[in-house]
Amino acid sequence: MASSWTVSSRTGTSARPATGWYPVARSAQVGTTPLPVGAGGQAYVVLRLRPGAEVTALPARCPHRLVPLAHATVVDGRVQCPYHGWQYGSEGRCVEIPSLGPAGTPPPRADLTAPWAVEERDGWVWLAPERTATLRPPRSGHPVPEPVPPLPTPAGPVLGNLDPSLEHAWHPVALSGELHEGGYVQIRLLGRTWTVHRHGSTLDADPPAWGVVERHGLVWIAPAEPRDTPLPVPETTDPRAVRAWLPPARSSAPAGPLTDLFLDAAHVPVLHPTADAPYAPVAEVTPQAGGSTSVWEEPSAGTRRRTTAVHRAPFQLRRRTDELETGAARTTLFLLQPEDEDSTRVYTCLFLTPPAGTTLDAEEVAAAVAGAGAALTGDLELAAGLASSGLPLLPRDELHVPADAPGVALRRTLADFAADPLRRSA
Ligand code: FES
Ligand SMILES: [Fe+2]
């Protein structure tokens, strides 16, 4: 039985949960897969850390990036979050944060606020969110569990896909190749439908937009006067860089959390494990006008690799990895179109630079595109389960560790972008 836990104020349901015992599930329903339940209006998951073991109850979201723990797995008798692999013990204690490296110790603030007690009685699992007068759940012939409540939401503002500030930015809306000469495409942007026509070198939008341009192989719309800073993409003029587009993808996750995911290095060893990148390095982050640049070197056993990630508000990201010994480089461009509240179109472009003195053949390019496509699919599968309405902008709504420095800079940039009164006045 856990004791002396405090109620977290990191999420919107910070009111103290009700006292008393709540039936949440039949014992037979609870296995080693987390089961979402509700008790006193609070959302939890219940599970067993080994087959047949006693029941563990934990809050419904991981405090790091608020991923629903319904998607967690049990690894070595611990609950492991699917995003960055943080692991929790039976009473919510955070016992492992992979990005801290082999010698790192999770800080106490990473612990989950577990309920006061969870007990099995007469074939039912009972949960007491708060210290309660009776040490054991009541005997009850016909317990009725309450419906599973909605997941808690951040207490502070989030940047969703329909935020009014997004009117004042350039957004990619189609691949250039999707808009033929004399033709048109219908697209969704910021919750509205637009028709974009091409007449020779002229592009126009209906309803009218402040601007329509073509850049980096994409068509872009600025609904109102843009105040964002264009993302520099030097690879477009590098004669050695081979360009390859991935097919555009779509996600139900908002563009803010997706940009965070594409910038994030700490999830890579967990979601896309490779033998030579066992944990995430800490980046050096430099704030810049309208964004930031983050640089880190991977602790790989083989060739030294340096990654430079450049973000520009709202959702433009260039991630370049240089192999320092060979001169080879690989850049991934992520450009996101906030279509609707629950829909984002993802444009991904690769630029591949071969080692000095060599060239790339079609097979190597195809293999790189396939690898990038597989990584993108993995990311989008994770993103589909985020249950997020946007990127939290208040630092205390999430829990940051050193490897999150690029993500913290991203949040700062987007908080500034969303708060600019000029953009708000639209
Ligand atoms: S480990 Fe859970 S969101 Fe990062
Ligand atoms: Fe990823």
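**View 1. The iron ion (ligand 2) and its donor residues in this predicted model.** Angles among the 4 donor atoms span 56 to 127°, so the arrangement counts as irregular.

**View 2. Where the donors of the iron ion (ligand 2) sit along the chain.** Read in sequence, the donor residues follow the spacing H-x4-H-x106-D. Distant parts of the chain are linked here: His267 belongs to the loop between α1 and α2 (268-271), and Asp379 lies in helix α3 (residues 362-384), 112 residues away. Are these two buried or exposed? His267 has 2% relative accessibility and therefore counts as buried. Asp379, at 7%, counts as buried because the cut-off is under 20%.

**View 3. Helix α1 packing with helix α4 (residues 405-419).** How is such a pair described? For two packed helices, the angle between the axes and the distance between them are given. Here the angle is about 150° and the axes are 9 Å apart, which makes α1 roughly antiparallel to α4. Their crossing is right-handed. Which residues meet? From α1 come Gly256, Thr259, Asp260 and Leu263, and from α4 come Pro406, Gly407, Leu410 and Arg411.

Terms used: Residues are numbered from 1 along each chain as its sequence is written. Chains are lettered from A and ligands numbered from 1 in the order in which they are written. This is a predicted model: local features need pLDDT of at least 70, side-chain atom pairs count only at pLDDT 80 or more; totals for chains, interfaces and linings use all residues. Side-chain values use heavy atoms; hydrogens and water are left out. Donors are N, O and S atoms within 2.8 Å of the metal (3.2 Å for Na, K and Ca); water is not among the atoms, so sites may look incomplete. Four donors count as tetrahedral if all angles lie between 85 and 135 degrees; four count as square planar and six as octahedral if opposite donors are over 155 degrees apart and all others between 65 and 115; anything else is irregular. Helices (H or I, at least four residues) and strands (E, at least two) are DSSP runs, numbered from the N terminus. Buried means under 20% relative accessible area, exposed over 50%, partly exposed in between (1.4 Å probe, protein chains only). Axes are lines fitted to C-alpha atoms, for helices over the stretch in contact, and angles run from 0 to 180 degrees between N-to-C directions. Angles under 35 degrees count as roughly parallel, over 145 as roughly antiparallel, 65 to 115 as roughly perpendicular and the rest as oblique. A crossing is left-handed if the near helix is turned anticlockwise from the far one by less than a right angle, and right-handed if clockwise. Contact means heavy atoms within 4.5 Å.
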